[in-house]
Amino acid sequence: MTAHIGVLELLIRGAAAGGFVLLAGGVIGSGRSPARVTGALFSTAAAAHVLTQSPTAFEGLGAARGPVWVLSVMGAGLFWAFAMELFGDHARLSPLRLVPSTLLLAIGVAATLSPPTAARLIWLSHNLVGAGLMLHLLLTVWTGWRGDLVEARRRLRGPLLGVAALYALVVVGVQSAELFSRPAHELSMLAAVSLLIISFASGAVFLRADPQLFGTARVSGREPRVTAPDQVLLARLRAALDGEELWRREGLTIGALAASLGAPEHHLRRLINEGLGYRNFTAFINERRVEAAKQMLSDPSKARTTIATVAYEVGFSSLGPFNRAFRAGAGRTPTAWRRTAQAGWSIPEAG
């Protein structure tokens, strides 16, 4: 009976690994956006994880065990990178996104080269880093939900990524406990079935013909594509932003903006996303804030206005988010922008 269960588990793991490999090929085969690249890497790492969690399956890989082990060890970091890119709308993949997965690999290599006692502690640190990444991911998924304008991603945030991150946290907990007690072989079949379900669910979501899901940030200069019924709402939106400058309100949310316009939130969300081409409400508002900040920083009459004051006047609550948004929108820091503008001024440099 035990032998039959072992064979069944291998078959389930093989199907799950195959599902993740097919997912990797399907995701990367449709483009090379940062979300697709990291998605393919994570899917491959997930397939590797399926196999490394079964000693029988892992031993049967032969010469491929090394690369499979490497990918498996990097898995939590690659999952984090994929989620950050999927919800971040970045135009290009930053090498910094791969730092956590590289760190996890370094910790794993150190653990394999260490004596057993030290190795247990090093593997524990590996698990804790992975858990930290998953907690950060869950926080990011939760806090970014309201501002996400892409309906496909809004529906995805909770169920699939939440389940996947929860699975990863459970695995971290079980593996950490195993370091100081006996292996939890009785959970192996449950893990195999869970991974099979996740692989098929992931394929159903990510392999759909939905270009919105893996899109990138709005291309500057894109012409609005607003339908006739939305023209009235667009006019009210422009009046509120250009005339009343509601974007200067600290903490402005799409719900608050919709209430000011007297429009349903889902209607406004669709207009900004599908009509104006923005994928994130914060990016939509910050574009206006950064433009206003650039004008203030280039104005000789405001040469002595501090960077912090500029940030607060255009609607940011603190310097950190302002600096990040400004650098993303202007390609340089606020200080560097002002310094360039000062080259043409005839007044002393601001203190």
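Good morning. I begin with the largest pocket, whose volume is about 2,000 Å³. Please keep in mind throughout that the model before you is a predicted one.

Which residues lie closest to the centre of that pocket? They are G88, N280, T282, A283 and N286, out of 50 residues that form its lining. Four elements, α5, α7, α13 (281–297) and α15 (319–330), each give two or more residues to this lining. The most comes from α13, which gives 10 residues.

I turn now to the nonpolar cores. The largest of them holds 43 residues, and F79, L86, L137, F206 and F214 have the most contacts inside it. At least two residues of this core come from each of α1 (2–28), α2 (34–52), α5 (75–88), α6 (99–112), α7 (116–143), α8 (151–178) and α9 (188–206). Which element supplies the largest share of this core? That is α5, with 9 residues. Another core, of 38 residues, lies apart from the largest one, and V226, L271, A292 and V310 are among its members.

Finally, the chain as a whole. Its secondary structure consists of 16 helices and 0 strands. Of the 351 residues in the chain, 44% are buried. As for contacts between residues at least 6 apart in sequence, 71% join residues at least 24 apart. The accessible surface of the chain is about 17,700 Å², and carbon and sulfur atoms account for 64% of that surface.

Note on methods: Residues are numbered from 1 along each chain as its sequence is written. This is a predicted model: local features need pLDDT of at least 70, side-chain atom pairs count only at pLDDT 80 or more; totals for chains, interfaces and linings use all residues. Side-chain values use heavy atoms; hydrogens and water are left out. A nonpolar core is a set of buried Ala, Val, Leu, Ile, Met, Phe, Trp, Tyr and Cys residues joined through side-chain atoms within 4.5 Å. Buried means under 20% relative accessible area, exposed over 50%, partly exposed in between (1.4 Å probe, protein chains only). On a 1 Å grid over the protein atoms alone, a cavity is a set of points where a 1.4 Å probe fits but cannot get out, and a pocket is an open set with protein on both sides within 12 Å along at least five of seven lines; lining residues have an atom within 4 Å of a point. Grid points are joined across faces, edges and corners, and a volume is the space filled by probe spheres set on the points. Contact means heavy atoms within 4.5 Å. Accessible areas come from the Shrake-Rupley method with a 1.4 Å probe; for residues, only the protein chains shown count as cover.
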